[in-house]
Amino acid sequence: MSLKRVGILLGKEFLHGSKGYIFIFSIVAPIVISLMVSLIFGTLFTGKPEMGVLDESSSQLIPMLQELDTLDIKEYGSTTEIRQAVESGAVDVGIVLPADFDRSLTGSGKVEIKAYTWGESLAKNRTIIAVTVTTLIREMTGQESPVDIQTITLGDEVSIPWGDRLLPVIVLIAVFLGGLMLPATSIINEKAKKTLDALVVTPTRIVDIFAAKGLAGLIISMFMGILILVINQAFGNHPLLLILVLALGGIMAVELGMILGILLKDFTSLFTVWKTAGIILFAPVFIYLFPEIPAWVGRIFPTYYIIQPIVEISQLGSGWPEIAVNFFVLIGLNVILLVIVAFMLRKTQLLTT
Amino acid sequence: MNWRILGTLIAKDFSLFFRKKLFAVLTAIGFIFYIVIYFVMPSTVNENLDIGLYAPVTLPAFTQMQEEGLEIETVESEEALKEGVIEGRYVAGVSLPADTMEKLASKQKPTISLYFTPDVPQEMKDTVVLIIRELAYVQTGQALSIEATEEILGPDMIGTPIPPRDRLRPLLAIMILMVEMMGLANLLSEEMERGTIHALLVTPMSVKELFIAKGITGTGLAFGQSVLFMLLVGGFSGGPLIIVTALLLGAVLVTGVAFLISSVSKDFMSVLAWSIPAFIILLVPSFGVLFPGAITNWIKILPSYYLVDTVHRVANFGSGWGDIWLNLLILLGFCLVITWVGISVLRRRVR
C-alpha cells in the first residue's frame with residue numbers, strides 16, 4: 001500500500017465526494033435530527049439561569065457564585081458591557097457590586113446593589129438568581145442557616161429523560177451515515193462508471209483505493225459522532241476513551257460499507273439494504289429507548305458494542321472498567337469484518353486483473 | 001412588456017420546478033414537516049418553580065410565600081406530597097416536621113425533608129435547597145442589609161413569556177424561503193446548461209421579460225409558502241401587513257441570491273454545493289432569536305437579520321411600522337442590491 005497514493009485518493013474523495021448527496025446528507029441529517037430532538041423534548045431551552053456580574057471590588061461573592069452549580073456566571077468589565085449583555089439576553093440578570101462591597105456588608109448601613117434584568121427572562125430564573133445571591137451574602141455576613149435540609153430521592157429506578165434516551169440513536173446515525181454510506185456509495189459509483197477498472201490499470205492498487213475511501217468515511221463518521229456529542233454536551237469524564245470508541249464504531253461502519261460496496265451493483269440495492277437491514281444496526285437503541293426490554297437482547301447485535309460504551313461514558317459517567325469487555329468485543333468484531341473485507345478485496349483484485 | 005409571454009413562461013417554470021422530484025418532494029414534505037415541528041413544540045412556558053409543601057404547622061414565610069416564579073402549593077399529607085412529586089406536579093416536595101416552630105424558637109435546627117424524582121438535575125436540587133434555606137431565614141426574621149435597585153431592560157414579559165415554538169417561527173419561515181431559493185437556482189442553471197434559455201431569447205421575448213418571469217416565479221414560490229406557513233401557525237396575530245411586507249422582501253432577497261447561485265452553478269450538484277453555504281449564512285440570524293445573546297452585533301451585516309428581526313418583533317412583541325420601518329428599509333436596500341448584482345452576473349452568462 002502506498003501512503004502517497006492513498007493521500008491523493010483521499011483528497012479526491014473529499015474534493016469530489018463533498019458535492020454528493022450522501023456526503024451532504026451524512027453531515028446535515030445528524031445535526032438536524034439532534035436539533036429537532038432537543039427542540040421537541042425542550043432540552044434546548046431549559047438551561048440554567050445566567051447571571052452577569054460587574055465586580056468593582058474583587059468581592060468574595062464571585063468565587064462563591066462560581067463554585068455553585070445553580071447558575072452560570074459571566075463577568076463583565078463595565079456598566080455598558082453588562083447592560084448590553086442583559087439587553088441582548090446573554091444573561092438573565094446582571095448585578096453591579098459596589099467598590100467596597102465586602103467591607104460594607106460588615107458595616108451597619110445598607111449596601112446597595114444595582115441589578116439589570118432582561119425583560120424576557122423567565123420568572124423562575126429571576127427568583128433563582130435572587131435567592132442564590134441573597135443566600136450567599138447571608139453566608140458572607142456569617143448568618144447561620146436556621147434549618148438542616150435532607151434530600152430524598154423517590155423511587156429506585158434511575159429515570160433517563162427522553163432527550164437523553166434518543167442520544168444513542170443520533171450518535172449511531174451520525175457514525176453510520178458517514179462511515180457506512182460514504183464508502184459504499186463511492187465504491188458503487190466507481191463500479192458503475194467503470195473508473196475502478198481504469199484506476200487499477202495505473203500503479204494504484206485496489207487496497208490504496210479502498211483505504212482512501214475507508215479513511216474518508218472514517219473521518220466524516222468520527223467528526224459527526226464527536227460533533228453530535230458536543231452539541232448534546234455529552235462528553236462525560238473520559239473524552240479520549242469516548243473518541244476511541246467512536247473511532248472503533250467508525251471502523252465498523254466503514255468495513256460494513258466496504259462489504260456492501262463490493263457486493264452491491266447500484267444505489268437502489270444499497271438503499272434497499274439500508275432500509276431493510278438497517279434495523280439490525282439500529283436494534284440495540286431500542287434497549288435504551290425502552291429500558292423494560294432485557295439487556296441481553298441488545299448483545300445479539302454488533303452495534304450494541306458501540307452504543308453501550310458510548311452511553312456508559314457519556315451519560316452514566318463510567319470509565320474503562322465498565323466498558324472494557326464490550327470494548328474488546330468491538331475490537332474483535334472489527335477484526336472479523338476486516339478479514340472479510342480483505343478476502344473480498346482479494347477476490348475483487350483477481351476479478352479486475 | 002408582453003404579459004402573455006410572461007404568463008406562459010411563469011407557467012412553464014412552475015411546471016419545470018415541480019418536475020424535479022427532489023424539490024417537489026422537499027417543498028411538500030418540508031412544508032408539512034415545518035408545520036408539524038411547530039405544533040409538536042411546547043406552546044406554553046412554565047415560568048414557575050412548582051413546589052409542593054406539607055406543613056403540619058403554620059409557617060407564614062413558607063405558606064404565604066408566592067413570589068414571582070415560585071408556586072408553593074400546600075398539600076394535606078406527606079403521602080399526597082410524595083404522590084405529587086412522583087406524578088411530576090411538583091419539581092420538589094417540602095415536608096416540614098411538626099416541631100419546626102418549637103425548634104426555631106429554641107434556636108435549634110429542625111430538619112426539613114425535600115423530595116425529588118431521580119431525573120431532577122443536581123442544580124435544581126441545589127436551587128430548591130437554597131430557596132428553602134432563604135425561606136427559613138425570612139421565617140426567623142434574620143434581616144439582610146442589602147438594598148437592590150432593579151432595572152428591567154426591554155419589554156417585561158413576566159406572565160407572558162414567549163413559547164419556544166414562537167421563537168422558532170422566523171427560523172422556519174426563513175427555511176421555507178431558502179428551499180425555494182435552491183429550487184429556483186436549479187431551474188435557472190438547468191436552463192442554461194441545456195441551452196433552453198438561449199432558445200427562449202431567440203423568441204420575441206426580451207432578456208428583461210425573461211428575468212421578470214424568473215423573478216416572479218421565484219418570489220411567488222417562496223412568498224406563497226411562507227405566507228401560508230405564517231397563516232397556519234398564527235404568525236399574523238401581531239401585524240399582518242408588516243409581516244406580509246417583510247416576507248415579500250425576503251422572497252425577493254432569496255430570488256436575488258438564487259440568481260447569483262445559478263450564475264456560478266453548472267449542474268444540480270453545484271447548485272447544492274453553493275446553496276448550502278448561502279443557506280447556513282442566511283439562517284444564522286434566526287439562531288439569535290432562538291438563543292438570545294448568543295450572537296453579537298456583527299449579525300447585522302447579514303440581510304436576513306432584518307427579516308428575522310422584523311418577523312420576531314412583530315409576531316412576538318406586537319411591534320408596529322414605527323418600530324421596524326428602518327429594518328424594512330435596509331432589507332429593501334439589500335434586496336435591490338443583491339437582485340441587481342444577481343441579474344447582472346446572470347445576464348452576462350446568458351449572453
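Which residue of chain A forms a salt bridge with K109(B)? Select K109(B), show its side chain, and look across to the other chain: the partner is E144(A), with the closest N and O atoms 3.0 Å apart. Keep in mind as you click around that this is a predicted model.

**Stop 1: the interface**

If you widen the search to polar contacts, 27 residue pairs turn up across the interface of chain A and chain B, both partners at pLDDT 80 or more.

Now color the side of chain A that touches chain B by secondary structure. Helices α2 (21-40), α4 (79-88), α5 (101-106) and α6 (123-140) each supply at least two residues, and so do strands β4 (111-118) and β5 (148-153). Select α6(A) next: with 12 residues, this helix gives the most to that side. Color the side by residue type and you get 28 nonpolar, 19 polar and 16 charged residues.

For the overall tally, select everything in contact: 63 residues of chain A meet 76 residues of chain B. The size of an interface is often given as the accessible area lost when the parts come together. Here chain A and chain B bury about 6400 Å² between them, and 64% of that is on carbon and sulfur atoms. On the chain A side, pick out R138(A), P146(A) and L154(A), which lose the most area to chain B, together 11% of what that side buries.

**Stop 2**

**Stop 3: a salt bridge inside chain A**

Next, select D72(A) and K48(A). Their side chains meet in a salt bridge at 3.8 Å, N to O. D72(A) is in strand β2 (residues 72-76) and K48(A) is in the loop between α2 and β1 (50-55), so the pair ties together parts of chain A that are 24 residues apart in sequence. D72(A) is partly exposed at 32% relative accessibility, and K48(A) is partly exposed as well, at 24%.

**Stop 4**

Move along chain A to helix α15 (residues 304-314). How many of its 11 residues are buried? The count is 11 of 11. Among them are Y304(A), Y305(A), Q308(A), P309(A) and E312(A).

Now select E322(A), which lies in helix α16 (residues 320-352) of chain A. Leaving aside neighbors within four places in sequence, E322(A) is in contact with Q308(A) and E312(A). The C-alpha atoms of E322(A) and P309(A) are separated by 8.0 Å, and the two residues are 13 apart along the chain. Show backbone atoms here too, and you can see the side chain of E322(A) reach the backbone nitrogen of G319(A) at 3.0 Å.

**Stop 5: over to chain B**

Select K12(B), D13(B), E191(B) and K214(B) together, and you'll find them linked in a network of salt bridges. Then try E87(B) and R89(B), another salt-bridged pair, with closest N and O atoms 3.1 Å apart. R89(B) is partly exposed, at 42% relative accessibility.

**Last stop: zoom out**

Bring both chains into view. A search of the whole structure finds 19 salt bridges over all chains. Select chain A and you have 16 helices and five strands; chain B has 13 helices and five strands. Of the 353 residues in chain A, 51% count as buried, and buried residues make up 51% of the 351 in chain B.

Switch to a surface view to finish. Chain A exposes about 16300 Å², with carbon and sulfur atoms supplying 64%. For chain B the accessible surface comes to about 15500 Å², of which 63% belongs to carbon and sulfur atoms.

Conventions:
Residues numbered from 1 in each chain as written. Chains lettered and ligands numbered in written order. Predicted model: local features only at pLDDT ≥ 70, side-chain atom pairs only at ≥ 80, totals over all residues. Heavy atoms only, no water. Helix = DSSP H or I, 4+ residues; strand = E, 2+ residues; numbered from the N terminus. Buried < 20%, exposed > 50% of the residue type's maximum accessible area, 1.4 Å probe, protein only. Areas by Shrake-Rupley, 256 points an atom, 1.4 Å probe, with all protein chains shown as cover. Contact = heavy atoms within 4.5 Å. Buried area = accessible area lost by both parts, 1.4 Å probe. Salt bridge = Lys/Arg side-chain N within 4 Å of Asp/Glu carboxyl O. Polar contact = N/O pair within 3.5 Å; in protein donor to acceptor, adjacent residues only side chain to side chain. Nonpolar A, V, L, I, M, F, W, Y, C, P; charged D, E, K, R; others polar.
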